[in-house]
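Open the model in your viewer and keep the selection tool ready. Each stop below says what to select and what is there.

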Amino acid sequence: MTGATEETAAPLTVDYCGELYRVEPGAEFGIGREAELTIDDNPYLHRRFLTVSRDFGMWWLSNVGTLLTATVTDATGTMQAWLAPGAKLPIVFQTMHVMFSAGATTYDFTIASDED
C-alpha cells in the first residue's frame, strides 16, 4: 500500500469567498467565529466549528461544535454527507464543498487538494 507520508503529503487549500488558506500537514486548521479561518462574528456560529487535520495518513474534516451540522458534497454533487457534531469525515475527493447555516445565515467554502 503506497500513500503520502506526513512529510510528503500535499497541503490542502481552503477557499472562502475568494480568500485562499493553505493547510499544511501536521497542523490543525480551525474554522469558526474565532479560528484560523474566521467566518463571521455571527453569535450562532461556534468559536471553533470545523477543523481540517491530517491523521492516519489521510486528511479529515471534523465537526468540533456541539449544535450545528455541515453538509459536504463532492465537486459534482453526486456524493453528499451530513457532518453532525462530534463526527469526522475523510477528505477523499480533490474538491469538496462545505455548506452550513448558523442562525439565518448560510455559509459555504471549498476544500481542494492536488491529489485524491
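Start by selecting Thr 71; Trp 82 in strand 8 stands opposite Thr 71. This is a predicted model, where local features need pLDDT of at least 70, side-chain atom pairs count only at pLDDT 80 or more, and totals for chains, interfaces and linings use all residues. Residues are numbered from 1 along each chain as its sequence is written, and side-chain values use heavy atoms, with hydrogens and water left out.

Strands here are DSSP E runs of at least two residues, numbered from the N terminus. Two of them pair if DSSP finds at least two bridges between them.

Next, show strand 7 (residues 70–74) with strand 8 (residues 80–83). They run antiparallel, joined by four bridges. Together they form a hairpin with five residues between them. Click Gly 77 in the turn: its phi is positive, about 85 degrees.

Now colour strand 7 by burial (buried: under 20% relative accessible area, 1.4 Å probe, protein chains only). Five of its five residues are buried, so strand 7 is largely enclosed by the rest of the structure. Ala 70, Val 72 and Asp 74 lie on one side, Thr 71 and Thr 73 on the other.

Last stop: Arg 47, in the loop between strand 4 (37–38) and strand 5 (50–55). Beyond four places in sequence, Arg 47 contacts Gly 32, Arg 33, Glu 34 and Ala 35 (heavy atoms within 4.5 Å). The C-alpha atoms of Arg 47 and Ala 35 are 6.7 Å apart.

Technical notes
Buried means under 20% relative accessible area, exposed over 50%, partly exposed in between (1.4 Å probe, protein chains only).
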